[in-house]
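Subject: A structure for you to explore

Hello! I am passing on a structure that I have been going through, and my notes follow below it. Please open it beside this email and follow along.

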Amino acid sequence: MTKGMGQAAKAAAPRAWQRMLSGRRLDLLDPSPLDVEIEDIAHGLARVARWNGQTVGDHAFSVAEHSLLVEDLALELKPDLSPDARQIILLHDAPEYVIGDMISPFKAVMGGNYKEIEARLQAAIHLRFGLPAVTPARLKTLTKRADTIAAYFEAVELAGFSHAEAARIFGRPRGFAKVGGGEPRLGLSALPSARAQERLLERFEEIETLRAQSH
């Protein structure tokens with residue numbers, strides 16, 4: 001290929017980076033940890049809606065709020081979680097600040113390419129904050145369990161599912177106290193995006209402090 005043809009092909013290639021409010025340009029195909037900022041992650045996740053926005057209330061229930069919930073549930077399931085493990089769990093959906101939150105049925109249809117891009121972004125995010133590029137298998141299992149419990153409660157409290165329907169899809173969580181003799185509840189409600197962003201940043205910094213103390 002001649003130099004001219006190579007330059008033309010490069011010019012014709014679709015843009016694969018996104019500009020963040022921090023000024024960083026994150027390459028989706030080859031993401032660099034140096035272009036990852038927690039402020040961008042928190043801002044983005046606080047504005048990405050879970051359940052495609054099909055939830056009750058004046059505000060969308062964001063991925064930022066979901067991330068906080070999953071980390072809290074994981075700590076309830078395993079109180080001796082290390083600060084590193086807690087940070088990995090808190091950031092388990094962090095790639096969605098770039099690629100958005102796809103509902104599980106659509107992820108299954110999309111298949112390999114989506115998962116590959118998601119894995120690259122996750123690795124870059126982990127490396128940016130001094131975490132293992134790949135989540136250890138046991139921690140991934142715990143995160144999935146907490147994520148599924150969170151999905152059950154989000155489904156019945158926010159997304160209009162009956163308890164029976166949510167139980168068929170996600171399984172019925174055990175170990176949660178029933179309210180007034182009825183079904184268990186967490187009392188979920190959606191926050192304004194600015195508050196969700198603030199809370200995610202606060203939790204991240206709290207865990208970072210614990211990590212610094214433990215290392």
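Let me begin with a term: helices (H or I, at least four residues) and strands (E, at least two) are DSSP runs, numbered from the N terminus. Under that naming, H126 belongs to helix α7.

Two notes on the source come next. This is a predicted model, where local features need pLDDT of at least 70, side-chain atom pairs count only at pLDDT 80 or more, and totals for chains, interfaces and linings use all residues. Residues are numbered from 1 along each chain as its sequence is written, and side-chain values use heavy atoms, with hydrogens and water left out.

H126 touches I88, L131, P132, A133 and T135, leaving aside residues up to four places away in sequence. Contact here means heavy atoms within 4.5 Å.

T143 sits in helix α8 and is also classed as buried, because its relative accessibility is 9%. Not counting residues up to four places away in sequence, T143 touches V70, I89 and H92.

The nonpolar core

A nonpolar core is a set of buried Ala, Val, Leu, Ile, Met, Phe, Trp, Tyr and Cys residues joined through side-chain atoms within 4.5 Å. The largest one has 53 residues, of which V36, I41, L91, Y97, I125 and F129 touch the most other members. Which helix gives the most to this core? That is α8, with 10 residues.

Y97 touches M20, L26, D35, V36, D40, I41, G44, L45 and I125, again not counting residues up to four places away in sequence.

F129 and the aromatic pairs

F129 is found in the loop between α7 and α8, and it counts as buried because its relative accessibility is 9%. With residues up to four places away in sequence not counted, F129 touches V36, E37, I38, I41, L91, F204 and R211. F129 and V36 are 93 residues apart in sequence, yet 9.0 Å apart in space, C-alpha to C-alpha.

Rings of Phe, Tyr and Trp (its six-membered ring) pair if their centres lie within 6.5 Å; planes under 30 degrees apart count as stacked, over 60 as edge-to-face and the rest as tilted. This rule gives five aromatic pairs. One of them joins F129 and F204 edge-to-face, at 5.0 Å centre to centre and 65° between the planes. F204 lies in helix α10 and F129 in the loop between α7 and α8, so the pair ties together parts that are 75 residues apart in sequence. F204 is buried, with a relative accessible area of 4%.

F161 and F170 form a tilted pair, 6.4 Å centre to centre with 50° between the planes. F170 counts as partly exposed, at 24% relative accessibility. Together with W51, F161 and F170 make up one aromatic cluster.

Enjoy looking around, and write back with any questions!

Definitions and conventions
Buried < 20%, exposed > 50% of the residue type's maximum accessible area, 1.4 Å probe, protein only.
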